[in-house]
Amino acid sequence: PVPTISWRKVNGHNPSKARLRKSQAVLEIPNVQLEDAGMYECKAENSRGRNVFRGQLQVYTYPHWVEKLNDTQLDSGEQLRWECKATGKPRPTYRWLKNGVPLWPQSRIEMVNGVLMIHSVNLSDAGMYQCLAENKYGTVYASAELKILASAPTFPLNQRKKTIIITKGQEVVIECKPQASPKPTITWKKGDKALRESKR
């Protein structure tokens, strides 16, 4: 006799959107998502007995960004750490480009699982960077610019006072705030002699 047919998802519930057609012989899952993946079982039975067929549904997706890059400004000598993060099935792999040219690990440059690290950046590291996340279904791109600040110390005009007049016994504050990149080391002299710290 004509068998009755039933479907079930092994180790889970049938997707709520699933439809059965042709006397339940056909299981349809519209708009398949990652969570629909799994083992499905079709059972057919009549008065003479029953038989079961199982099939594995695997769902693949192209890469999708979870975390992108941001434009970054660093002082010369600082460390850059950029992270690209994408989801996808199969899990995406990552590649890096600098100004459109593939970037490879070097003495100062590390690339591991979507993380790019450049130790002690200098002016030669400035430029446009791209991170590529790819699997066999597609590739997505993320871009950011790295700017390196490098300038010799200069003093703003309002700090260039020649004379400070102060009443004896009061406290005097003389500021030394040069604009410089990287951060400069600062020393003080009185006349030609280096100043040393004291109680005053």
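Reader: Okay, to start, is R21 buried, partly exposed or exposed?

Author: R21 counts as partly exposed, because its relative accessibility is 36%, where buried means under 20% relative accessible area, exposed means over 50% and partly exposed lies in between, with a 1.4 Å probe and protein chains only. Before we go on, please keep in mind that this is a predicted model, in which local features need pLDDT of at least 70 and side-chain atom pairs count only at pLDDT 80 or more, while totals for chains, interfaces and linings use all residues. Residues are numbered from 1 along each chain as its sequence is written, and side-chain values use heavy atoms, with hydrogens and water left out.

Reader: Which residue does R21 form a salt bridge with?

Author: The partner of R21 is E28, and the closest N and O atoms of this salt bridge are 2.6 Å apart; the term stands for a side-chain nitrogen of Lys or Arg within 4 Å of a carboxyl oxygen of Asp or Glu. E28 is partly exposed, with a relative accessible area of 23%.

Reader: And how many salt bridges does the structure hold?

Author: There are 11 salt bridges in the structure. One of them is formed by E41 and R54, whose closest N and O atoms are 2.8 Å apart. E41 lies in strand β4 (residues 38-46) and R54 in strand β5, so this pair ties together parts that are 13 residues apart in sequence; strands here are DSSP runs (E, at least two residues), numbered from the N terminus.

Reader: Are those two buried or exposed, or partly exposed?

Author: E41 is buried, with a relative accessible area of 11%, whereas R54 counts as partly exposed at 45% relative accessibility.

Reader: What about D125, which residue does D125 pair with in a salt bridge?

Author: D125 forms a salt bridge with R108, and the closest N and O atoms are 3.0 Å apart. D125 lies in the loop between β13 and β14, and R108 in the loop between β11 (101-102) and β12, so the pair ties together parts that are 17 residues apart in sequence. D125 counts as buried at 5% relative accessibility, while R108 is partly exposed, with a relative accessible area of 25%.

Reader: Switching topic, how many aromatic pairs does a search of the whole structure find?

Author: The search finds two aromatic pairs, where rings of Phe, Tyr and Trp (its six-membered ring) pair if their centres lie within 6.5 Å, and planes under 30 degrees apart count as stacked, over 60 as edge-to-face and the rest as tilted. In one of them, the ring centres of Y60 and Y137 are 5.3 Å apart and the planes are at 25 degrees, so the pair is stacked. Y60 lies in the loop between β5 (49-57) and β6 (61-67), and Y137 in the loop between β14 (127-135) and β15 (138-149), so the pair ties together parts that are 77 residues apart in sequence.

Reader: And which residues form the edge-to-face pair?

Author: W82 and Y129 form the edge-to-face pair, with 5.4 Å centre to centre and 65 degrees between the planes. Here W82 lies in strand β8 (residues 80-83) and Y129 in strand β14, so parts that are 47 residues apart in sequence are tied together. W82 is buried, with a relative accessible area of 4%, and Y129 also counts as buried, at 1% relative accessibility.

Reader: Going back to Y60, which residue lies over the face of Y60?

Author: K136 lies over the face of Y60, at 5.5 Å from the ring centre; a charge sits over a ring if NZ of Lys or CZ of Arg is within 6 Å of the ring centre and within 35 degrees of the ring normal.

Reader: Last one, where is N113 found, and what does N113 touch?

Author: N113 is found in the loop between β12 (109-112) and β13 (115-118), and N113 is exposed, with a relative accessible area of 67%. Not counting residues up to four places away in sequence, N113 touches C84 and Y94, where contact means heavy atoms within 4.5 Å. The C-alpha atoms of N113 and C84 are separated by 8.4 Å, and these two residues are 29 residues apart along the chain.

How values were computed:
Helices (H or I, at least four residues) and strands (E, at least two) are DSSP runs, numbered from the N terminus.
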